[in-house]
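This report describes selected local features of the structure shown below. Please keep the sequence and the three-dimensional view at hand while reading.

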Amino acid sequence: LAVSEFMVDGRRLFTGVVSDISEFVKAENALREAKVIAERANQAKSDFLANMSHELRTPLNGILGFSEILLEEAAEQGLDVFADDLKKIHFSGTHLLSLINDTLDLSKIEAGRMDLFLETFNVGDLIENIVGTTEPLVKKNNNEIEVFCSENLGEIHADSTRTRQILLNLISNAAKFTKDGRVCLSV
């Protein structure tokens, strides 16, 4: 409401403009309500992801542990015919665990609860582990993995789990989108 007062021939006159803002207020209230609903849904999604990730990791860790035990027993008993299949089970389980951990990490990032755990670790050991873990995936598309690095890379102070995760994701993606080629890791 905007009102102006003025005098004409000794008479007091008023002019005014009236605006009905009830639709604006309704829309504003609807936006506030939608925001609250979206925030609740996002929180529910994050809670669900965290709970499901935990529920999936527990039995998966059991599968990985048993596959390692069976691999050791097969090696001890000279049952090499089972070793390749057991390695595939273990690799697939490890890959699935990595995907579940990525999902859990995403929900932590969205919730602002991602923590880094800094430690000093040997880069050469990390690279050796990464290459060993990704080699079956690289070979799946008839690729070769090539590693270019000096023998004594030394140590780094970082979050070893996140560093490993980054390298695994990069090599896995390279292997997934390359066929009959080479995946190269240069350090």
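## A polar contact at Asn143

In this predicted model, a polar atom of the Asn143 side chain lies 2.7 Å from the backbone oxygen of Thr178. A polar contact is a pair of N or O atoms within 3.5 Å; within protein, one must be able to donate a hydrogen and the other to accept it, and residues adjacent in sequence count only if both atoms are side-chain atoms. Asn143 belongs to the loop between α3 (123-140) and β4 (144-148). Helices (H or I, at least four residues) and strands (E, at least two) are DSSP runs, numbered from the N terminus.

Is Asn143 buried or exposed? Asn143 counts as buried because its relative accessibility is 5%. The term buried means under 20% relative accessible area, exposed means over 50%, and partly exposed lies in between (1.4 Å probe, protein chains only).

## Basis of the model

Residues are numbered from 1 along each chain as its sequence is written, and side-chain values use heavy atoms, with hydrogens and water left out. Because this is a predicted model, local features need pLDDT of at least 70 and side-chain atom pairs count only at pLDDT 80 or more, whereas totals for chains, interfaces and linings use all residues.

## Two loop residues with positive phi

Asn142 is also placed in the loop between α3 and β4. Its phi is near 60 degrees, a positive value in a residue other than glycine. Asn142 counts as exposed because its relative accessible area is 53%.

Asp180 is not a glycine either, yet it has a positive phi of about 55 degrees. This residue is found in the loop between α4 (160-176) and β6 (182-186). With 58% relative accessibility, Asp180 counts as exposed. As background, most residues other than glycine have a negative phi.

## Buried residues in the helices

Val138 is part of helix α3. Its relative accessible area is 1%, and Val138 is therefore buried. The C-alpha atoms of Val138 and Ala174 are separated by 8.3 Å, while the two residues are 36 residues apart along the chain.

Phe91 lies in helix α2 (residues 80-110). A relative accessibility of 18% is the reason why Phe91 counts as buried. Between the C-alpha atoms of Phe91 and Ile130, which are 39 residues apart along the chain, the separation is 12 Å.

## Salt bridges

How many salt bridges does a search of the whole structure find? The search finds five, where a salt bridge is a side-chain nitrogen of Lys or Arg within 4 Å of a carboxyl oxygen of Asp or Glu. Among them is the pair Glu23 and Lys26, with an N to O distance of 3.6 Å. Both of these residues lie in helix α1, three residues apart, about one turn of the helix. Glu23 is exposed, with a relative accessible area of 54%, and Lys26 is exposed with a relative accessible area of 54%.

Another salt bridge joins the side chains of Arg32 and Glu28 at 3.1 Å, N to O. Arg32 and Glu28 both belong to helix α1 and are four residues apart, about one turn of the helix. Glu28 counts as partly exposed because its relative accessibility is 32%. In helix α3, Lys139 and Glu135 are four residues apart, about one turn of the helix, and their side chains meet in a salt bridge of 3.9 Å, N to O. Lys139 is exposed at a relative accessible area of 54%, whereas Glu135 is partly exposed at 32%.

## Surface patches

Glu68, Glu72, Glu73 and Glu76 form a negative surface patch. Patches are made of residues with over 30% relative accessible area and no salt bridge: like charges are joined within 9 Å, and nonpolar side chains (Val, Leu, Ile, Met, Phe, Trp, Tyr) within 5 Å. Lys and Arg count as positive and Asp and Glu as negative, while His and the chain ends are not counted. The place of a charge is taken as NZ of Lys, CZ of Arg, CG of Asp or CD of Glu. Glu72 is located in helix α1 (residues 22-76) and counts as exposed, at 51% relative accessibility.

A nonpolar surface patch consists of Ile21, Phe24 and Val25, which together have about 290 Å² of accessible area. Accessible areas come from the Shrake-Rupley method with a 1.4 Å probe; for residues, only the protein chains shown count as cover. Phe24 is found in helix α1 and is exposed, with a relative accessible area of 53%.
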